[in-house]
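Subject: Structure handover, pockets and cavities

Hello,

Here is the structure we talked about.

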Amino acid sequence: MDEKLLKKSDISKLFNEVKDEYNFYAPKKVRGNISFELISDAKEIELDYLNSKVPPKDVLFPQKETIFEYHYEGKDVIIDERKDLEDKLLIFGVRPCDAYSFKLLEDFFAFGEFQDDVFLKKRENATIIGIGCNEPRQSCFCTSVGGHPYQKESTDVFLSDLGDYYLVETITEKGKDLVKKLSWLTDAKKGDVEKSKALAKQAEESFTTKFNFDLVTKVLDENFENPVWEEIAESCIGCSSCTFLCPTCTCFDVIDENDEYNHRGRRIRIWDTCQSCLYTLETSGHNPRPEKIQRCRNRIMHKFSYYPSNYDRLGCVGCGRCIVACPVNNELRLIIDKILEIEQKEEGEKANA
Amino acid sequence: MVMIVGLEEENKEIESNMRELARGLLKEKKVDVIIGYKKGTLPMMSQPIIIDKEEDVDKLLWNNTCYVNLAKYLVPRVAKFVDPEKGNLKVGVVAKGCVGRALIHLASENRINLDEITIIGIPCNGVINRQRIEMEIGEKEILEVTASGNNIVVKGKNFEKEFPFDEYMNELCKQCKIRSPPLVSKFPDLHVGACEEYASIVDEFDDIAEFEAKSPEEKWAYIQDALSVCTRCYACREACPMCYCNLCFVDQNKPIWFGKTTDMPDIIVYHLIRAMHMAGRCVACGACSLVCPMGIDLNFINRKLEKIVKQRFDFTSGLDPDTLPPMTDFKMEDAEEFMLEED
Amino acid sequence: MPNPYIPILTKVKSIISENKVNDIKTIELQFQKEDDYKSFDYIPGQFAEISIIGKGECPIGIASSPTEEGSIKFTIKKMGTVTSMFHRSDIGDTIGVRGPLGNGWPIEELKGKNIVVIGGGFAFSTLRSLILYILDEKHRKDYGNVTVIYGNRDSGEVLYRDVLEEWEKRDDIDVVLTIDREEEGWTRKVGFVAAIVKEVAPSPDNAVAIICGPPIMIRTAVDELVKIGWKDEQILNSLEMRMKCGIGKCGRCNIGSKYVCIDGPVFSLAELKKMPNEY
């Protein structure tokens with residue numbers, strides 16, 4: 001049998017086995033929040049968690065990262081490219097929605113003529129240990145975006161939580177290399193695999209939030225101009241929590257940080273957000289999206305209309321972080337409802353005519 | 001003395017009074033629109049709602065999850081508060097004490113014309129410290145939150161836990177001395193409902209005593225630790241009714257005052273400079289901390305500044321629209337030992 | 001493929017002040033390595049992200065034509081932080097260049113067509129590039145008649161006087177220069193660009209109009225063209241948007257599902273009409 005078993009009490013063994021070869025990232029509790037952090041001691045790893053507050057996207061696409069460093073020699077500039085992009089990474093305990101977000105990010109950063117080396121190299125060198133969700137939250141909706149609480153897309157090794165131990169499935173060659181190093185893993189029995197399948201089914205059936213996104217995309221494509229956007233934007237305070245916690249948001253700003261006196265510095269990129277008025281503000285003062293309504297619309301259109309038209313898939317993985325994060329509770333489910341009402345109204349009008 | 005039977009009954013009473021006031025205002029056309037709260041879609045959430053019809057009055061809600069400072073929606077006015085032909089509409093604002101204070105303070109800064117507003121006063125009984133409850137519940141999903149007696153009952157799959165409201169109230173609410181919106185006698189038409197006259201506010205600032213007792217090194221470590229998880233999303237700024245600048249100092253690029261990263265120095269500069277801008281202006285609504293996606297508590301910084309302003313200038317923000325906030329005013333008797341050497 | 005965020009380093013070769021108020025300069029950049037120059041294979045209408053390392057980067061249309069070999073030129077108006085720094089730069093300073101970026105003018109599709117170039121003010125740089133490209137002896141036979149209408153607020157704002165004078169002398173290009181108001185010593189046209197378009201009334205037959213300038217000029221000039229029978233497909237426009245990366249990653253230059261940096265900056269009026277009005 002290919003499947004193995006990993007006792008939860010053996011996580012430290014796993015960590016110690018691979019920590020020299022990989023930069024090991026795992027869920028860790030920081031000031032009460034779960035986040036994916038570089039682990040230096042196996043005790044830091046949190047095994048009992050729903051999902052991280054900030055998605056594991058930030059391991060591969062951190063909030064702030066150096067593009068290159070430079071120094072001046074007289075009028076000449078010497079550019080020092082990053083060397084750490086070749087480091088091997090291991091991200092432990094990624095939920096299926098977040099793992100799927102890596103697929104989206106990968107395709108986005110590789111799209112077109114220009115390849116985003118900074119992201120893609122890290123992605124190439126990352127091994128992902130995914131973990132199935134036994135208890136999806138009410139705000140979760142991965143099954144509506146083509147995902148599943150036990151989806152293995154973009155994972156190299158996949159874990160099922162069977163109580164005191166994990167069922168370990170090898171998904172890719174990269175995963176095989178990793179599992180090979182853990183010779184002490186015991187073989188799984190048929191019952192363990194069955195149990196995992198039962199959990200997957202149970203999880204799938206427990207979803208309370210479901211959307212028909214095909215319809216949403218269709219309605220959005222036809223309704224860039226619609227009074228509903230005013231309604232949607234009404235209570236938004238533009239805080240951008242939704243975009244900052246989104247596993248598929250990729251927008252960034254580029255800034256030079258110059259150490260004037262030492263004639264050196266770095267060019268960095270930091271997360272930016274389409275919810276900020278300054279995001280599109282031009283030097284001339286002209287702003288293509290000066291109003292909140294345009295910015296709210298851009299976020300929704302981007303995920304559910306522009307993304308499908310450019311990449312033939314939704315720009316959302318159904319993690320539900322934006323639903324929980326919105327401080328004024330102007331959350332995605334309500335927004336989608338309002339969008340679908342446009343269609344219902346039209347249908348109603350047709351029926352009356 | 002009124003016997004308080006329990007939180008739920010208390011909220012119901014506040015709610016039904018509020019609805020009657022709102023109904024009356026709309027019926028008599030004393031206001032064009034009303035902004036208040038309605039039921040949220042998550043267990044510990046409410047939503048801002050704007051209504052202009054009598055029949056929608058029953059959507060208005062009062063409970064201990066009405067966090068948002070609704071004054072935010074008046075500066076600048078949201079589209080529904082402006083009529084294309086008539087101009088600014090008369091807005092009724094469901095106001096707990098801190099919302100009332102925010103409105104009055106914004107009037108002192110000429111951001112709001114009080115003639116265009118009616119304050120629907122709520123005798124606020126405090127909001128839940130949502131972050132604290134979430135942290136204590138930990139990695140379990142909260143499915144239902146109700147009130148029972150004076151306890152908040154939190155339920156989820158396979159668990160149920162009670163939190164005494166007195167203890168699990170937002171820290172600022174515990175200290176709050178201005179639960180109902182302040183009366184401004186110069187504007188008799190400004191108020192309906194539970195508004196109160198506050199002569200002079202006595203505040204012991206007990207909540208920051210622990211912070212103040214720390215040595216400078218400990219304080220510094222505490223501040224750094226508290227702010228370390230900040231993602232610089234600026235939700236705190238966007239939720240703050242006093243943050244209405246067209247271009248915030250963090251966004252200026254001529255010159256760029258400081259870095260935009262999440263490196264510790266940049267985080268610190270952002271929060272401390274923002275705090276300075278709040279001195280004598282913060283109305284202690286706690287919106288900044290309540291909206292923080294990372295659960296950072298900024299209140300200790302704001303309260304410390306509030307205390308300094310109170311001690312130095314005997315000023316409490318949001319009580320009088322005609323008194324200039326101390327940081328925008330100058331008086332001969334202002335203490336200025338920070339400007340001049342003592343000896 | 002090299003990391004697209006790493007700029008090629010060039011040196012400032014020459015600096016020309018282009019207007020009387022001295023807020024527009026053309027900076028000529030010299031590549032340090034022959035390979036770098038060769039890899040910078042561009043067509044008119046493309047742009048590059050140019051930077052003073054340590055001060056920041058900004059997208060600027062390429063003003064030189066690929067036919068002007070050996071260096072590249074950018075015409076920069078002093079507007080914000082980075083462009084102001086460019087105005088302070090000296091000969092020999094290091095400038096980072098990432099590019100060429102964007103689609104550029106469709107030089108292949110324009111072959112065999114009559115070309116009407118309409119420009120206003122400072123937005124003439126990539127038009128300069130295009131006209132020089134067409135007038136080059138290797139390419140001139142590929143294109144039909146060339147008409148240039150170029151308007152400015154006053155005579156002090158007219159860019160590229162040297163090439164304009166050369167073009168005026170040639171008989172294979174019609175150059176119509178205009179300024180908004182009468183001025184002593186000005187012998188060319190007077191009036192807004194739209195009025196001159198109406199007067200010149202370029203024929204839409206087998207022709208393409210290429211328009212760059214302030215939004216109000218574009219709108220009024222397009223109105224005149226449409227009145228005399230031009231179709232939306234025949235009218236090309238180059239857009240400007242706030243950009244950071246220039247390669248379709250940083251997000252901000254989207255108009256609907258299109259990105260100005262990779263799908264543009266050149267769009268036909270027909271394409272623009274299908275896009276949301278967010279530019």
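First, the terms. On a 1 Å grid over the protein atoms alone, a cavity is a set of points where a 1.4 Å probe fits but cannot get out. A pocket is an open set with protein on both sides within 12 Å along at least five of seven lines. Lining residues have an atom within 4 Å of a point. Points are joined across faces, edges and corners, and a volume is the space filled by probe spheres set on them.

This is a predicted model: local features need pLDDT of at least 70, side-chain atom pairs count only at pLDDT 80 or more, and totals for chains, interfaces and linings use all residues. Residues are numbered from 1 along each chain as its sequence is written, chains are lettered from A and ligands numbered from 1 in the order written, and side-chain values use heavy atoms, without hydrogens and water.

Cavities

The structure holds 15 cavities of 30 Å³ or more. By class, the lining of the largest cavity has 18 nonpolar, ten polar and nine charged residues (nonpolar: Ala, Val, Leu, Ile, Met, Phe, Trp, Tyr, Cys and Pro; charged: Asp, Glu, Lys and Arg; polar: the others, Gly among them). Domain 1 (4–205) and domain 2 (213–352) of chain A both give residues to this lining, so the largest cavity lies between them. The domain bounds come from an automatic or database assignment.

The second largest cavity holds about 270 Å³ of space. Its lining has 22 residues, with B:Leu172, B:Cys176, B:Lys177, B:Ile178 and B:Ala284 nearest the centre. Helices H2 (97–108), H4 (171–175) and H10 (299–313) of chain B each give two or more residues. The classes are eleven nonpolar, four polar and seven charged.

Second largest pocket

The volume here is about 950 Å³. The lining counts 42 residues; nearest the centre of this pocket are A:Leu50, A:Cys133, A:Asn134, A:Glu135 and A:Pro136. H6(A) gives the most, with four residues. The lining splits into 18 nonpolar, twelve polar and twelve charged residues. Domains 1 and 2 of chain A both contribute, so this pocket lies between them.

Best wishes
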